[in-house]
Amino acid sequence: MALEARGDGSSVVGGMEQGEDDDFILDIDLLQAHGINVADIKKLKTAGICTVRGVQMITKKKLCNIKGLSEAKVDKIKEAILKLQGEGGGVGFITALQASLNRRNVFRLSSGSSELDKLLGGGVESMSITEAFGEFRTGKTQLSHTLCVTTQMPGNGGYTGGKVVYLDTENTFRPDRLRPIADRFSLDQEAVLDNVLYARAYTSEQQMELLDFVAAKFHEEPGVFKLLIVDSIMALFRVDYSGRGELADRQQHLAQMMSRLQKISEEYNVAVFITNQMTADPGATLSFQADPKKPIGGNILAHASTTRISLRKGRGECRIAKIYDSPDLPESEATFAIYNGGIGDPKD
Ligand SMILES: Nc1ncnc2c1ncn2[C@@H]1O[C@H](COP(=O)(O)OP(=O)(O)OP(=O)(O)O)[C@@H](O)[C@H]1O
Ligand SMILES: [Mg+2]
């Protein structure tokens, strides 16, 4: 069953013309023509920066921190980029029309449940970060597994499907879980598994390093990957930084990771899907809040995630998703269910 064949009329995947985002990604190798030597370009690549946009998304101070790049060299690189862009036209500003054309590249991935897709405004959106948080067994990891499969299927608006990167911080990825989900959508099991690139991170530092690898991979195979999953974003930060004393340090590193994720999503037009845990809110009993639990990660995570949904348990296999704290989506809810074939709509 192809996604567009679903009878509910909801737009699942849309807007992606193949090849359209190719000129959107300018390779930093192009800087060679403007006097930057191969060795310096290689240094950028080793740091996970592979495109002109990638360089522009990083402050000069950070670039100078890259091993072997002096301030003079960084200035030269910045100059070369200006020249390169001068050739191509647009420096910095674009018209709203151009911006709207760029937005046409945005696509949406189905969660497997049409109700949940509707809540998300069509599905998990590319060029942005979607965060799902909730208590244990609310379906965050099941949702991640389902997205591994739905991302591979063509949808409407010319979306052709693509590969997935799965960063696992809790050791809960089960490749064989993808098999029955593949069956549900009549996809070849082996092919589905072959299209998911998996890595396990054991420390928050490693989690960050893996993102450099991911950026390099996305660059190497432009347009091939459509989804990056981090399940879960906070687990290792919780272990690596303990107590009040290390909180500021933790939040600073978390901010860097979130900004990296945001950049990757925009630079390569992929959807970023992260999961998060919850903690009791000590202030809640005082303020008589209905929901005394809140996602961890504080303001940093709250601001970095474009769309946040909270998940809670319903009856049996049912789960309820709610838009949490969104500036532009209404605070509505959707009920979905967890089956052997992955996330779907409730049966009755
Ligand atoms: N093959 C399956 N068929 C049906 N339901 C399943 C299957 N595998 C797992 N589940 C259900 O999925 C739920 C677990 O969901 P999941 O592992 O996604 O939770 P989570 O939100 O990631 O929790 P945690 O915070 O512990 O990581 C359980 O209720 C389990 O019964
Ligand atoms: Mg989980």
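This is a predicted model: local features need pLDDT of at least 70, side-chain atom pairs count only at pLDDT 80 or more; totals for chains, interfaces and linings use all residues.
1. R137 sits in the loop between strand 3 and helix 7 (140-150). The phi of R137 is near 65°, a positive value in a residue that is not glycine. Most residues other than glycine have a negative phi. R137 is exposed, with a relative accessible area of 63%.

2. R137 also belongs to the ligand site. One of its backbone N or O atoms lies 2.9 Å from an oxygen atom of ligand 1. A polar backbone atom of G139 is 3.1 Å from an oxygen atom of ligand 1. From R319, a polar side-chain atom comes to 2.9 Å from a ligand oxygen. Taken alone, ligand 1 exposes 650 Å², and the protein buries 69% of that.

3. Which residues come nearest to ligand 1? Of the 14 residues around it, they are R137, K140, T141, Q142 and R319. By class, the shell divides into six charged, five polar and three nonpolar residues.

4. Next, the elements behind that shell. Helix 7 gives the largest share, three residues. Helix 7 and strand 12 (333-339) each supply at least two.

5. M127 is another backbone point to check. Its phi is positive, about 65°, although M127 is not a glycine. M127 is found in the loop between strand 2 (124-125) and strand 3 (129-134). Is M127 buried or exposed? M127 is buried, because its relative accessible area of 14% falls under the 20% cut-off.

6. Look at the peptide bond from D231 to S232 as well. That bond is cis, with omega near -5°. Most peptide bonds are trans. S232 is placed in the loop between strand 6 (225-231) and helix 11 (235-240).

7. Now the chain as a whole. It has 14 helices and 13 strands. Of its 348 residues, 48% count as buried. Among contacts with a separation of 6 or more, 68% join residues 24 or more positions apart. The chain exposes about 16400 Å², and carbon and sulfur atoms supply 53% of that area.

8. Finally, confidence. The mean pLDDT of the chain is 86, and 86% of the residues reach 70 or more.

Methods:
Residues are numbered from 1 along each chain as its sequence is written. Chains are lettered from A and ligands numbered from 1 in the order in which they are written. Side-chain values use heavy atoms; hydrogens and water are left out. Helices (H or I, at least four residues) and strands (E, at least two) are DSSP runs, numbered from the N terminus. Buried means under 20% relative accessible area, exposed over 50%, partly exposed in between (1.4 Å probe, protein chains only). Contact means heavy atoms within 4.5 Å. Accessible areas come from the Shrake-Rupley method with a 1.4 Å probe; for residues, only the protein chains shown count as cover. pLDDT is the predictor's confidence in each residue, from 0 to 100. A residue is near a molecule or strand if one of its heavy atoms lies within 4 Å of it. A polar contact is a pair of N or O atoms within 3.5 Å; within protein, one must be able to donate a hydrogen and the other to accept it, and residues adjacent in sequence count only if both atoms are side-chain atoms. Ala, Val, Leu, Ile, Met, Phe, Trp, Tyr, Cys and Pro count as nonpolar, Asp, Glu, Lys and Arg as charged, and the others, Gly among them, as polar.
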